[in-house]
Each structure stands twice: as C-alpha cells, then as structure tokens.
Amino acid sequence: MILHTLNKSPDHPALNRCAGFISDGDCLILIEDGVYCAATNDSSTLNNLLLREIPVFCLQADVEARGLLNRLNPAVQLIDYEGFVTLSTEQTKSKRWG
Amino acid sequence: MKFLIVVQGGPYTSQASLSAWHFARAVLTRGHEIYRVFFYHDGVYNANGLLSPPQDEVNLHEAWRLLAVENDLELVICVASALRRGILDQTEASRYEKPLGNVEAPFIISGLGQLIDGTINADRTMTFGS
Amino acid sequence: MKKLLFVQSHPPHGSLFGQEGLDAILAGSAFIECGVLFLGDGIYQLLKDQQTTALASKNFSVSYQALHDYGVESLFCSAADLLARNLTVADLIVTPTLLDATELAAVLRDYDGILDF
C-alpha cells in the first residue's frame with residue numbers, strides 16, 4: 001500500500017499521471033501547490049479517486065497559507081504534519097509526484 | 001519507526017525544504033526516529049552556512065542545524081551534488097584550493113551510499129522535491 | 001528491503017535530475033536489487049543520438065548502456081508514454097519493458113521502496 005504525495009497544481013500533468021498509479025488500499029496526500037487540486041470544481045480526476053473511495057488528504061498548513069480553507073472539496077480530509085507522519089507509517093511505502 | 005528523509009529541492013527556490021523540515025519535526029513529535037536526512041540535487045543548498053535571509057523569514061539552514069543539534073540527527077549532503085554547486089566544507093575547500101568552505105557540522109558531506117543505506121535500513125523513506 | 005525502484009520522470013539536460021538520478025541508480029546497484037521506471041518525459045533520457053558537444057552538457061545517456069554490467073536488468077516504461085511521444089523502442093539506447101497502466105501500477109506495488117527523480 002502506497003502513500004502518494006503530490007505537490008503540483010492541477011495545471012501540471014502530475015495529478016492525472018498519479019491517478020493512474022493509485023491502487024485500492026493506497027491513499028493520496030496533496031501538499032504544497034498540490035492542495036489546489038482540491039480547490040477546483042471541475043476535477044474529474046480527483047472526483048474519480050473519491051468515487052473509488054481512495055482517501056484523499058490535504059495538508060492544512062498549505063491550505064491555510066493559500067487562503068483555501070473554505071474552498072476545498074468537502075470530501076477531502078484536512079490533516080496536519082503529524083497526521084502526514086501517521087499516514088506514512090500506515091502505508092508501506094511512499095511515491096512522490098510532481 | 002525509523003525514517004529516511006530525502007530533500008531534493010533548494011531552499012527559497014521551492015517549498016520542498018520547508019515541507020521536509022516540518023515533516024521531520026512531526027516525525028520526532030510522534031515519537032519516531034529519524035535515521036538520516038539526505039540532501040541531494042538542489043537540496044544540498046540547505047547546507048550552505050552563508051544563507052542570510054531577511055530576519056522575518058525562516059532561515060532554513062539554521063532551522064535544520066537546530067533540529068539536528070537538539071535531536072542528534074544525521075544531516076548528510078551528497079558530495080557529488082554539493083561540489084558541483086559550490087557547497088564545500090573546509091576539507092574540500094582546501095583540497096580544491098577554494099578560498100573558503102561554507103559547510104560545517106552537523107551537516108556532513110558523504111556519498112550516495114548513505115542514500116541507499118538509508119532506504120535499506122529505515123522503515124520509511126519520504127522524498128521532498130521541487 | 002529487498003528491491004528498490006528508481007523513477008526517472010524528467011527529460012535530460014533541462015535539469016540535473018536525470019544525471020544525478022542515474023548516479024543514484026549506479027550507487028544503488030552495488031547494495032541491492034534495483035529497477036528503473038521511466039515515466040513521462042523521463043523516457044527522453046534514453047533517446048539515441050543525443051549530441052551534447054555544442055551545448056557543453058554531459059551526455060550521461062551513454063551510461064545507461066552500462067546498467068547491464070551493474071546488474072540492473074529491470075527497466076520499465078509506459079507503452080502509452082512512448083506512443084504519445086512518437087517513439088518506439090528502436091529509438092532508445094537500451095530496451096525497457098513496455099507496460100500498460102495496470103502493469104505499471106503493479107511495478108510500484110512490487111518494489112519495497114521507491115526513489116523519485
């Protein structure tokens with residue numbers, strides 16, 4: 001099971017590429033500019049992951065710094081750095097996208 | 001659990017170094033161990049002791065140094081990445097006849113074997129890049 | 001940890017990710033079983049006939065031919081990435097295994113650790 005980390009906005013091809021590699025049991029954390037992926041209302045890629053019940057997280061400090069706290073897809077879960085660490089211990093390895 | 005943290009982004013060029021530093025602090029707060037922090041690619045710029053950001057901005061070199069001193073962390077920068085980017089300790093500066101070095105402990109210059117050793121012996125590897 | 005996967009996802013010469021990633025692969029091969037996955041523009045690192053003299057950039061792509069001697073036998077890329085870039089394996093300096101989307105995801109699962117460049 002893989003923790004996928006993504007740090008690019010949806011303008012970058014990273015989100016679409018990453019989605020093809022996410023298997024059941026994996027989860028995705030959006031960090032840095034990756035949090036913008038949860039702020040658009042037309043991301044079919046993100047919605048497909050959520051429909052597949054892939055857990056998607058956003059790093060709260062990155063969300064707050066970018067003024068996105070009230071602009072996120074409500075199905076995405078906010079976590080802090082300690083939560084990020086816990087996710088990385090729950091998954092067996094990590095893969096960086098960006 | 002033991003973590004290897006790999007930093008591939010330069011400070012003030014991308015957010016990678018800052019994210020990695022926050023993550024490292026959280027690893028320790030959660031009671032886990034940091035096996036090593038390995039700085040590669042532009043990440044080696046974090047070891048530059050001459051970084052002098054304005055006082056109201058975080059000094060990432062100092063932030064890493066303090067975290068390492070307070071928690072006895074190993075901060076390793078890759079020698080090949082470092083030398084070509086002008087990141088040298090006093091020994092390397094003398095060897096290459098440069099007027100000064102800009103790397104001091106707790107940052108250590110070493111080889112890529114330390115990256116591979118880390119991935120093998122840590123329980124988790126987390127990479128932060130630009 | 002038994003097997004380590006290196007992922008090369010940047011084209012050559014525009015950054016040092018490819019060259020420094022290859023250095024890490026060569027180092028890794030001395031310690032552990034290694035595989036390499038070329039993703040997206042990373043496959044351009046393997047393109048034949050890179051002429052870097054005028055640019056004064058290092059043509060590290062030739063070192064990929066040495067991977068076999070270092071015991072690195074498992075090279076993978078996406079068949080769709082090749083097609084999208086108008087490439088075939090005949091255009092490449094070494095021959096990776098072409099995989100579809102399902103097989104690519106399986107490669108990530110198969111390795112114990114992943115290093116991204």
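A: Happy to. Helix α4 (residues 81-90) of chain A lies across β1, β2, β3 (56-59), β4 and β5 of chain A, and runs at about 155 degrees to β2(A). This is a predicted model, in which local features need pLDDT of at least 70, side-chain atom pairs count only at pLDDT 80 or more, and totals for chains, interfaces and linings use all residues. Residues are numbered from 1 along each chain as its sequence is written, while chains are lettered from A and ligands numbered from 1 in the order in which they are written.

Some conventions first. Helices (H or I, at least four residues) and strands (E, at least two) are DSSP runs, numbered from the N terminus. Axes are lines fitted to C-alpha atoms, for helices over the stretch in contact, with angles from 0 to 180 degrees between N-to-C directions.

Now the sheet under discussion. Its 5 strands form an open sheet in the order β4-β3-β2-β1-β5 (chain A), with parallel pairing; two strands pair if DSSP finds at least two bridges between them. The edge strands, each pairing on one side only, are β4 (77-79) and β5 (93-97) of chain A. From one strand to the next, the twist averages 30 degrees. Within this sheet, β1 (residues 2-6) and β2 (residues 27-30) of chain A pair in the parallel sense over 4 bridges, and A:Leu6 stands opposite A:Leu30 in β2(A).

The helix also meets the other chain. The axes of α4(A) and helix α1 (residues 16-29) of chain B come within 8 Å and cross at roughly 75 degrees. The two helices are therefore roughly perpendicular to each other, a label for angles of 65 to 115 degrees. On the α4(A) side the contact is made by A:Tyr81, A:Glu82, A:Phe84 and A:Val85, and on the α1(B) side by B:His22, B:Phe23, B:Ala26, B:Val27 and B:Thr29. Residues are in contact if their C-beta atoms, placed from the backbone, lie within 7 Å. By class, this helix pair brings together 6 nonpolar, 2 polar and 1 charged residues; Ala, Val, Leu, Ile, Met, Phe, Trp, Tyr, Cys and Pro count as nonpolar, Asp, Glu, Lys and Arg as charged, and the others, Gly among them, as polar.

Stepping back, the contact between the chains takes 15 residues from chain B and 12 residues from chain A. On the chain B side, the elements giving two or more residues are α1 and β5 of chain B, and α1(B) provides the largest share, 6 residues.

Definitions and conventions:
Contact = placed C-beta atoms within 7 Å. Parallel < 35°, antiparallel > 145°, perpendicular 65-115°, else oblique.
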